[in-house]
Amino acid sequence: MKNIVLIGMPACGKSTIGYRLSPKINYPFIDVDKYLEEKESRIISDIFVKEGEEHFRELETKYLKEVSKRQGVIISTGGGAVKKKENIDILKKNGIIIFLNRAIENILEENHENRPLLQNIENLWKLYDERIKLYRKYADIIIKNDDDMNVIVERIITVLKGKL
């Protein structure tokens, strides 16, 4: 059974959509950021402040390896997981990668209090410019997140028919 891997910018809907998709296709849902926080017994913003982004990215890769060994799960990655090709290679071994493409204007409306790299609008645009090509490059499927979450979930189910 293939995994379903959700990639995209922070606040593009990966966790919400993954959570709603899970019971519809009977796949367990794993939010890698939450998984990492549980395993490390601390929040990501603390890791960034105390040890920096590079250390966080190493931990992210470690836990992506763990969760991607499972079969038939939905994996929501952190927004920056695409920055390391190693992460994509790990996830593609047994996964279908879906890029949830949400308009940057909609992302700007979200609360970014617990997201250390998104504390100002300029930084969000910079991240978007850095990552958008990677999301498109690595995606097996691109889903535009421009509607009600339940509609997006149904779109994903339709596109996945016959691929799992």
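**Entry 1: S15**

I began with S15, which is partly exposed at a relative accessible area of 31%. My cut-offs: buried is under 20% relative accessible area, exposed is over 50%, and partly exposed is in between, with a 1.4 Å probe and protein chains only. This is a predicted model, so I noted the terms: local features need pLDDT of at least 70, side-chain atom pairs count only at pLDDT 80 or more, and totals for chains, interfaces and linings use all residues. Residues are numbered from 1 along each chain as its sequence is written, and side-chain values use heavy atoms, with hydrogens and water left out.

I placed S15 in helix α1, residues 14–25. Helices here are DSSP runs of H or I with at least four residues, strands are runs of E with at least two, and both are numbered from the N terminus. Which residues does S15 contact, leaving aside neighbours within four places in sequence? I found F29, D31 and S76. Contact means heavy atoms within 4.5 Å.

UniProt, in an unreviewed entry, lists S15 under "binding site". I kept in mind that UniProt positions are given in the numbering used here, that feature names are shortened, and that annotations may be inferred rather than shown by experiment.

I took K14 next. K14 is in helix α1. Is K14 buried or exposed? K14 counts as buried, at 6% relative accessibility. Leaving aside neighbours within four places in sequence, its contacts include L6, I7, G8, F29, S76 and G79.

Then I checked A11. A11 sits in the loop between β1 (3–7) and α1. A11 is buried, with a relative accessible area of 13%. Its phi is near 70 degrees, a positive value in a residue other than glycine. I flagged this because most residues other than glycine have a negative phi.

**Entry 2: S41**

I looked up another positive phi. S41 has one of about 55 degrees, although S41 is not a glycine. S41 lies in the loop between α2 and α3. This residue is exposed, with a relative accessible area of 67%.

I started with G79, in the loop between β3 and α4. G79 counts as buried at 9% relative accessibility. Which residues does G79 contact, leaving aside neighbours within four places in sequence? They are G8, P10, K14, R131 and Y135.

G80 lies in the loop between β3 (74–76) and α4 (85–92). At 3% relative accessibility, G80 counts as buried. G80 touches R57, E60 and R131, not counting residues up to four places away in sequence.

R131 lies in helix α6. It counts as buried at 2% relative accessibility.

**Entry 3: aromatic pairs**

How many aromatic pairs are there? The count comes to 4. The rule: rings of Phe, Tyr and Trp (its six-membered ring) pair if their centres lie within 6.5 Å; planes under 30 degrees apart count as stacked, over 60 as edge-to-face and the rest as tilted. I looked at Y35 and Y63: the ring centres are 5.8 Å apart and the planes stand at 75 degrees, so this pair is edge-to-face. Y35 is in helix α2 (residues 32–40) and Y63 in helix α3 (residues 44–68), so the pair ties together parts 28 residues apart in sequence. Y35 is buried, with a relative accessible area of 14%. Y63 also counts as buried, at 3% relative accessibility.

Next came F48 and F56. Their ring centres are 5.1 Å apart and the planes are at 40 degrees, so the pair is tilted. F48 is buried at a relative accessible area of 14%, and F56 is buried at 3%.
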